[in-house]
Amino acid sequence: MEFKTVIVLDFFAELPSSLQKPWRDLLLNRYREEDGFQQKFPLVETHLKLIYTAATRCIDQLFFAETASSISGDAAVRWLTSTSTITDRANTNGALATINDVDDLEAMSMTNDEFCVVGIDNAELAECSSELSNENILNYLDRAIHCFLKAQSPELVTKAQVHSQSIRLRDRLAHTNNRMEAGGVEQLEKEAAEIITSLLRENLFVESENLLNSITPLVSPYTQQKLEECVTSPIHNIVNA
């Protein structure tokens, strides 16, 4: 079984303290064959087999993520990020690896296109899952926004953010008292109108209809009639086309 990306977590930090220096000396080529390294430290061979397994299961990228400093880990960084080996000096191809912030591993292991696909999947789940609670829908949209930001796609970020704003307003409307003061209703009407305009601009017709259905009970009968004639019915026809 192979994987596009393999992450080895705290391999060096979790080595026994008795093997930290032997691993360091091995990585920095301080042992000679006649020193009997294998006989002195047989457990290192087992560790090497684990690294071999990780490396051979990896197709594109292999990460060593260390959350704590260690003698062997520092030596590994020095060896992997230097050109001290004979092969490196001959080929002048640079180091075997680079140092990166562990917090950026997700971004390093996925391309912009992959982030975009995952974001779209989450956005579609938020839009099409009518039986989900608002909380779950918002969770999907938050994931979508995160992925679109990583994918550097401002258009999709805006679309998901507008959808999220509408869900949050619908949640507020569901807990609004029908007897609230006129000024409060006017403010909600204005906010809903702005979000609906943005939803229509982003072609989010289903959510536009949902928000209209949520705000309609709070407005006057005349406004309800006008909304039905000029906005709700046309959107309904589009959704059901």
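**Close-up 1. The buried residue Glu 207 in helix α11.** In this predicted model, Glu 207 is buried (under 20% relative accessible area, with a 1.4 Å probe and protein chains only), having a relative accessible area of 3%. Glu 207 belongs to helix α11, residues 205-215, where a helix is a DSSP run of H or I of at least four residues, numbered from the N terminus. Its side chain makes a polar contact (a pair of N or O atoms within 3.5 Å, one able to donate a hydrogen and the other to accept it) with the side chain of Arg 170, at 2.8 Å. Leaving aside residues up to four places away in sequence, Glu 207 touches (heavy atoms within 4.5 Å) His 163, Ser 166, Ile 167, Arg 170 and Leu 199.

**Close-up 2. The packing of α9 and α11.** The axes, which are lines fitted to C-alpha atoms over the stretch in contact, lie 10 Å apart at an angle of about 20 degrees. The two helices are therefore roughly parallel, a term for angles under 35 degrees. The contact residues include Arg 170 of α9 and Glu 207 of α11, and they divide into five nonpolar, four polar and two charged.

**Close-up 3. The packing of α8 and α9.** Helix α8 (residues 134-150) and helix α9 (residues 154-174) have axes that come within 9 Å and cross at roughly 160 degrees, which makes α8 roughly antiparallel (over 145 degrees) to α9. Among the contact residues are Leu 141 and Ile 145 of α8, with Ala 160 and Ser 164 of α9.

Residues are numbered from 1 along each chain as its sequence is written. Local features need pLDDT of at least 70, and side-chain atom pairs count only at pLDDT 80 or more, while side-chain values use heavy atoms, without hydrogens and water.

Note on methods. Axes are lines fitted to C-alpha atoms, for helices over the stretch in contact, and angles run from 0 to 180 degrees between N-to-C directions. Angles under 35 degrees count as roughly parallel, over 145 as roughly antiparallel, 65 to 115 as roughly perpendicular and the rest as oblique. Buried means under 20% relative accessible area, exposed over 50%, partly exposed in between (1.4 Å probe, protein chains only). Ala, Val, Leu, Ile, Met, Phe, Trp, Tyr, Cys and Pro count as nonpolar, Asp, Glu, Lys and Arg as charged, and the others, Gly among them, as polar.
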